[in-house]
Amino acid sequence: MDKPLGFLAPVLIAALVFILNALLPGRWITGYITRSGSSEKMKYHINGIYVLIVMMLIWFILGYFKMIPFDFLYTYRWYGLAGAFVLGIVFSLIVVLRYPPVRKSFAADLFFGRAWNIQVWGGRVDLKMWLYLFGAIMLELNVLSIAAHHVFTLETSLL
């Protein structure tokens, strides 16, 4: 069961980051990009530090109560990498296929994208900002997992 969970870990973490990004309070800032079809500047809901803190607390609680080992992401890193790769391809295809072609080739549309600044839930989640946040949180959780693995390995070797 651990290998499929390792494969699905990026999907579950991405979904949780999305939900937390939408629900947690944050600042609203006006960006520099103009909303298409108007002169209005886009607004962004910024709460990344709160999402990061909550995700780190969830990681700690799951490890502390032995629901998931602290070093789970490190132990199943290759399965998580495969899951992240599949998630990236599926997400890219979904986002690109929903919009009409912009360039001559599908490969160019896939690489450059077809839509600008997709926002959902009334602008509470900007997909570009969510991808930045998800990447940063995945990095932090992997660093914590690697550190935990090395601490546990050092403890075991000292005994």
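Me: Buried means under 20% relative accessible area, exposed over 50% and partly exposed in between, with a 1.4 Å probe and protein chains only; so is Tyr76 buried or exposed?

Reply: Tyr76 counts as buried, at 19% relative accessibility, whereas Tyr79 counts as partly exposed, at 33%. This is a predicted model, in which local features need pLDDT of at least 70 and side-chain atom pairs count only at pLDDT 80 or more, while totals for chains, interfaces and linings use all residues. Residues are numbered from 1 along each chain as its sequence is written, and side-chain values use heavy atoms, with hydrogens and water left out.

Me: And over the chain, what share of residues is buried?

Reply: Of the 159 residues in the protein chain, 31% are buried.

Me: OK, what's the order of the elements?

Reply: Taking helices (H or I, at least four residues) and strands (E, at least two) as DSSP runs numbered from the N terminus, the protein chain has six helices and four strands, in the order α-β-β-α-α-α-α-β-β-α from the N terminus. Its C-alpha trace spans about 65 × 35 × 20 Å along the principal axes.

Me: How many aromatic pairs turn up?

Reply: There are 12 in the whole structure, where rings of Phe, Tyr and Trp (its six-membered ring) pair if their centres lie within 6.5 Å, with planes under 30 degrees apart counted as stacked, over 60 as edge-to-face and the rest as tilted. One of these pairs is Phe18 with Trp121, which is edge-to-face, at 5.3 Å centre to centre and 65 degrees between the planes.

Me: Which parts does that pair tie together?

Reply: Phe18 lies in helix H1 (residues 2–23) and Trp121 in the loop between strand S3 (119–120) and strand S4 (125–126), so the pair joins parts that are 103 residues apart in sequence. Phe18 itself is buried, with a relative accessible area of 18%.

Me: Back to the tyrosines: how are the rings of Tyr76 and Tyr79 arranged?

Reply: Tyr76 and Tyr79 form a tilted pair, 6.2 Å centre to centre, with 50 degrees between the planes.

Me: Which residues form a ring cluster?

Reply: Trp59, Phe60, Tyr64, Phe65, Phe70 and Phe152 are linked into a cluster by ring pairs.

Me: Switching to charges, what sits over the ring of Tyr74?

Reply: The charged end of Arg77 does, 4.2 Å from the ring centre; the criterion is that NZ of Lys or CZ of Arg is within 6 Å of the ring centre and within 35 degrees of the ring normal.
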